[in-house]
Amino acid sequence: MGITSVKLLHYCIGSFGMIPGTVAYVYFGTALSSISEAAQGDAEGGEIQLSLIIVGSVLAIVAVCYVSYVAKKKINALVLQ
C-alpha cells in the first residue's frame with residue numbers, strides 16, 4: 001500500500017540498525033563539548049577525565065571506520081554473487 005515495495009519488517013530492521021550510528025553521533029557531540037569546556041578551563045574531573053574522553057573518541061572513530069570497512073566488504077561480496 002506504500003509508494004515503495006519495502007516490507008514493514010525490512011523497514012523496522014533497517015531503522016533498528018540506525019541506533020549504533022545515532023549513539024556514536026551523540027557520543028561525539030558530548031565528547032566535543034567536554035573537550036571544548038576543558039580547553040576553556042571549565043572542565044570538571046581534571047586531566048584524567050579529559051584523557052579518557054579523547055581516548056574514547058579516538059577508539060570510537062576507529063570502531064566506526066572498521067565497521068564501515070567490514071560492511072562495505074560484505075556488501076560488495078553480495079553484489080558480486
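Trainee: What does the accessible surface of the chain come to, and what share of it belongs to carbon and sulfur atoms? Then please zoom in on helix α3.

Mentor: Happy to! This is a predicted model, where local features need pLDDT of at least 70 and side-chain atom pairs pLDDT 80 or more, while totals for chains, interfaces and linings use all residues. Residues are numbered from 1 along each chain as its sequence is written, and side-chain values use heavy atoms, leaving out hydrogens and water.

The accessible surface is about 7200 Å² (Shrake-Rupley, 1.4 Å probe), and 71% of it belongs to carbon and sulfur atoms. Of the 81 residues, 7% count as buried (under 20% relative accessible area, 1.4 Å probe, protein chains only).

The chain has three helices and zero strands (DSSP runs: H or I of at least four residues, E of at least two). Its C-alpha trace spans about 55 × 30 × 15 Å along the principal axes.

Now to α3, which covers residues 46–80. Which residues of α3 are buried? They are I53, G56, S57 and A60, and they pack against α2 (19–40), with contact meaning heavy atoms within 4.5 Å.

On the α2 side, A24 belongs to that helix and is buried, with a relative accessible area of 19%. The C-alpha atoms of A24 and S57 are separated by 9.4 Å, although the two residues are 33 residues apart along the chain.

Definitions and conventions: The expected span of a helix is 1.5 Å times one less than its number of residues. Buried means under 20% relative accessible area, exposed over 50%, partly exposed in between (1.4 Å probe, protein chains only).
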